[in-house]
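Please keep the sequence and the structure open beside the text while reading.

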Amino acid sequence: MRQNGRMAITSVRKPKANPLDFLEIDSRLSDEERLIRDNVRAYAQEKILPRVPDWFEQGTFDSRGVAREMGQLEVLGMHLSGYGCAGASAVSYGLTCMELEAVDSGLRSLVSVQGSLAMFAIWQYGSDEQKERWLPGMASGELIGCFGLTEADAGSDPAAMRTRARRDGDDWVINGSKLWITNGSVADVAVIWAQTDDGIRGFLVEKETPGFSAIDIHGKLSLRASVTSELVLDDVRVPAASQLPEASSLGAPLSCLNEARFGIIFGAAGAARACFEEALSYSGEREVFDKPLSGFQLTQQKFVEMALEVNKASLLALHLGRMKDEGTLAPEHVSFGKLSNTVAAIGVARTARTILGANGVSLEYPVMRHANNLESVLTYEGTAEIHTLVVGAALTGQQAYR
Amino acid sequence: MKICCLVKEVPDAAVTKRMDPDSKRLDRSGEKNLNPFDTHAIEAAMQIKEGGTPVEEIVAVTMGPDSAVRALHKAVALGADRSVHLSDAALEGSDVCATGYALAKILETENPDLVLLGQQSDDGECYTIGAVVADHLKMPSLTQVIKMDAADGKLTCERQAEYGYDTVEIDMPAVISVGDAINEPRYPSLKAIMGAKKKPLDTKAVADAGIEADRIGEGGSRTTVLALAEPPQKEAGEVIEDEDTNETVEKIVAWLDERKLI
Ligand SMILES: Cc1cc2nc3c(=O)[nH]c(=O)nc-3n(C[C@H](O)[C@H](O)[C@H](O)COP(=O)(O)OP(=O)(O)OC[C@H]3O[C@@H](n4cnc5c(N)ncnc54)[C@H](O)[C@@H]3O)c2cc1C
């Protein structure tokens with residue numbers, strides 16, 4: 001009965017599953033959450049997505065420009081309150097990450113590192129002066145932050161870090177280096193975690209501080225539309241006031257990572273959704289053996305498997321988001337979500353890639369770009385193995401890290 | 001000055017529209033959105049305000065069921081200062097004339113200097129509400145406006161026409177319906193979206209606005225839908241493969257010539 005694809009005359013509208021929201025998860029969002037989500041989706045799809053393939057190909061990223069744009073949308077540090085931050089719910093923040101990562105994991109990484117790692121560290125562990133000094137500019141995107149925890153020989157085991165800060169009169173002198181630091185060379189302020197005589201502490205190091213330098217890492221095959229750098233700290237002298245006063249152990253940086261991982265749970269679901277949707281529209285138009293590719297059983301099985309994963313990942317993200325807003329979310333829950341959704345998303349991206357055939361390996365389509373990006377997402381913010389160990393410990397009561 | 005923007009909640013563009021043969025009306029269930037053309041009207045109001053003309057207030061006005069509150073939230077997120085929701089079971093089934101009358105009655109209580117609206121709604125696509133409202137308010141009206149400058153109580157507008165555009169000067173108060181070429185609506189900021197619920201929203205029933213009951217609803221409508229028919233199936237088009245561009249141009253010219261189109 002469908003006419004012109006748009007209008008039909010029929011007595012009843014039969015309930016029918018929507019391929020793009022099979023489980024009607026949208027109906028579980030509030031009006032405000034949908035407005036926020038739709039707005040970020042529209043902006044990211046219309047204004048950012050067209051620029052991504054070039055960035056990815058050239059291995060560059062307009063961090064400054066994009067940070068300002070994200071600042072105008074007010075999504076930087078959106079889940080924090082005060083100091084120019086919007087004070088949105090965890091679910092709204094998650095949905096934002098979902099839409100950003102549906103465009104590119106590099107875009108979501110910029111926002112995660114800015115809001116959940118750098119800003120959160122200052123917001124949670126900083127002094128009032130530090131908050132006043134940095135947070136409003138970081139929320140507006142005028143100032144960019146990075147988060148330096150990982151080192152060449154200390155990734156999954158950050159307690160093994162070698163970077164040291166020692167007291168010298170009223171100052172601190174920091175020596176060491178950090179590797180794989182997102183936003184590193186573009187950051188105005190680096191949150192640096194270092195060993196001290198009293199354990200791990202956090203420091204705010206300004207870009208121009210003598211002895212501090214950042215070198216970009218080239219040749220990445222993943223997250224190419226994202227700046228990743230090595231930070232070198234060579235007798236970097238900072239005043240006592242640049243130490244984060246409330247951070248007194250490794251627990252502090254780990255709590256920041258927990259915030260950022262929460263965004264990844266939604267983000268990975270967004271990347272998976274983007275791959276699924278691309279494959280779905282592609283296969284409806286692509287004809288093989290004289291009929292649409294989507295009409296073959298083998299293809300349909302792939303779609304069903306992808307739909308199961310995309311919908312489960314979205315449900316899981318929303319569930320964990322609601323728990324976070326209720327205050328019942330434990331770090332083990334976040335590990336569960338990060339592990340489950342990144343593994344699911346990589347699987348979906350690979351399956352979607354096969355459906356696009358040779359076009360699947362091209363940058364003209366987003367699928368392999370997502371698949372490549374997701375390799376980083378699987379590894380950073382705690383590898384899949386580490387999160388497996390976290391959940392394993394939570395299930396059995398026995399830690400198996402060492 | 002005070003600007004009222006008429007806005008409407010419409011089925012989302014992605015939803016396949018369906019006519020119900022029993023009620024002979026459009027089925028408006030399913031995903032809905034603020035009529036895209038109306039976002040241009042709000043943006044036009046914002047640009048007048050930000051352009052230096054003192055604007056005391058931008059008020060979003062809608063007539064629609066309970067769910068239309070969502071469209072109003074979006075309208076205030078886009079910049080309107082407050083909103084008015086005319087909602088009453090008695091309004092159900094109103095045709096264009098009845099809807100225009102009811103909206104005009106609400107607008108009378110607001111007494112605006114300028115009424116802006118999208119030139120068409122995504123669902124009804126009548127293009128006429130602006131003219132009906134203007135007639136009731138006894139205000140001059142322009143439709144399909146794609147450029148608008150406000151100064152000294154006057155508006156200078158460019159109005160899209162078949163042959164190009166007309167430049168028209170019009171005294172305020174006036175009713176202007178805008179096309180989507182007039183501006184690029186902004187993306188609201190997060191705080192604007194989150195603040196939307198805090199902006200005042202008046203819900204009014206028919207009686208609150210002195211709307212006469214026999215001029216609205218199905219009974220008060222002067223049009224009656226007698227029958228519905230599917231639009232004729234479009235003929236399959238003819239695809240001209242572009243192998244040699246000169247040849248292709250010739251083929252297209254011949255095709256147009258045959259039909260006396262050039
Ligand atoms: C693009 C990108 C951006 C990044 N951005 C940042 C950033 O902004 N800030 C920052 O601080 N870091 C950042 N990182 C670093 C990231 O967090 C680390 O790479 C990650 O924690 C893993 O550390 P590693 O690379 O040293 O791997 P390793 O710790 O050496 O791990 C190697 C392998 O061993 C496994 N493994 C480790 N321990 C165990 C164990 N106990 N049992 C079983 N298997 C184990 C791991 O799971 C992994 O498979 C980024 C990384 C990438 C790729």
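1. Across the interface, 25 residues of chain B are in contact with 24 residues of chain A, where contact means that the C-beta atoms of two residues, placed from the backbone, lie within 7 Å. On the side of chain B that touches chain A, the elements giving two or more residues are β3 (17-20), α2 (69-77) and α5 (190-195) of chain B; helices (H or I, at least four residues) and strands (E, at least two) are DSSP runs, numbered from the N terminus. By class, this side of chain B has ten nonpolar, four polar and eleven charged residues, with Ala, Val, Leu, Ile, Met, Phe, Trp, Tyr, Cys and Pro counted as nonpolar, Asp, Glu, Lys and Arg as charged, and the others, Gly among them, as polar.

2. This is a predicted model, in which local features need pLDDT of at least 70 and side-chain atom pairs count only at pLDDT 80 or more, while totals for chains, interfaces and linings use all residues. Residues are numbered from 1 along each chain as its sequence is written, and chains are lettered from A and ligands numbered from 1 in the order in which they are written.

3. In chain B, nine strands form an open sheet of mixed pairing, in the order β11-β10-β9-β12-β8-β1-β6-β7-β13; two strands pair if DSSP finds at least two bridges between them. Because β11 (164-171) and β13 (201-204) of chain B stand at the edges with a single partner strand each, one side of each is left without a neighbour in the sheet.

4. Which element supplies the largest share of the shell around the ligand? That share, three residues, comes from β6(A), and by class the shell has nine nonpolar, nine polar and two charged residues.
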